[in-house]
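Please read these points with the model open beside you. They are meant for someone meeting it for the first time.

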Amino acid sequence: MKEAFKEALSRFAAGVTVVSARLGEEERGMTATAFMSLSLEPPLVALGIHEKARLLPLLEASRAFTVSVLREGQEAVSQHFAGKPQEGVGLVDGRVPGALAVLRCRLEAAYPGGDHRLVVGRVEAVELGEPGLPLVYFGRGYRRLVWPS
C-alpha cells in the first residue's frame, strides 16, 4: 500500500515552496510541496511538515514563518532546502531571493496528521516578485510548464 500510495501522489503536480522560520539568530528553511491556500477571509495558508523536521520546533517557538514560492530555474534552491547543500544558496531576511511571491505568516494552529503536522498560518504580508513561471514538481522530478504564446 505504501509504495502504491507514493506512486499515486507522484502523479499530482505541485508547486515548490521554501518555508522558513527564525527565532533570534537561528534561522532554518525547508522545501515543501504540501502547501495550499486555505481561506481568503481571513487570509490563511496550510502546509504539511514532517514531525521530525528540524524546522518544526523553531516554527512553533517563533509562532511565525515565511513561505517563498519558487520560480522556474530555482531547482538548486529547492535541492538546498531539501537537504542537498548547494553553493551560493541562502535566505535573505527569511525569504528566497527571486521568488515569485513571499508570504509572511503568523502561526494560527497546528494539528496532528499521521507522521506530519498540518500547520495553518495567517498571512500578514505579501511580497510579489517579478512575474514568471513556477517551479513544478511532478513524477519525482522538476517539470516545466508550457505557456501558450
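This is a predicted model: local features need pLDDT of at least 70, side-chain atom pairs count only at pLDDT 80 or more; totals for chains, interfaces and linings use all residues.

1. Residues are numbered from 1 along each chain as its sequence is written, and side-chain values use heavy atoms, with hydrogens and water left out.

2. Arg104 belongs to strand 7, residues 101-113 (strands are DSSP runs of E, at least two residues, numbered from the N terminus). Arg104 has a relative accessible area of 18% and is therefore buried, a term that means under 20% with a 1.4 Å probe and protein chains only.

3. The side chain of Arg104 makes polar contacts with the side chains of Thr66, at 3.4 Å, and Glu127, at 3.0 Å. Such a contact is a pair of N or O atoms within 3.5 Å; within protein, one must be able to donate a hydrogen and the other to accept it, and residues adjacent in sequence count only if both atoms are side-chain atoms.

4. Strand 2 (residues 17-23) and strand 3 (residues 26-32) run antiparallel and are joined by seven bridges, where pairing requires at least two DSSP bridges. Ser20 stands opposite Gly29 in strand 3. These two strands form a hairpin with two residues between them, and Gly24 in the turn has a positive phi of about 65 degrees.

5. An open sheet of three strands has the order 1-9-10, with antiparallel pairing; its edge strands, strand 1 (14-15) and strand 10 (141-143), each pair on one side only.

Conventions
Helices (H or I, at least four residues) and strands (E, at least two) are DSSP runs, numbered from the N terminus. Buried means under 20% relative accessible area, exposed over 50%, partly exposed in between (1.4 Å probe, protein chains only).
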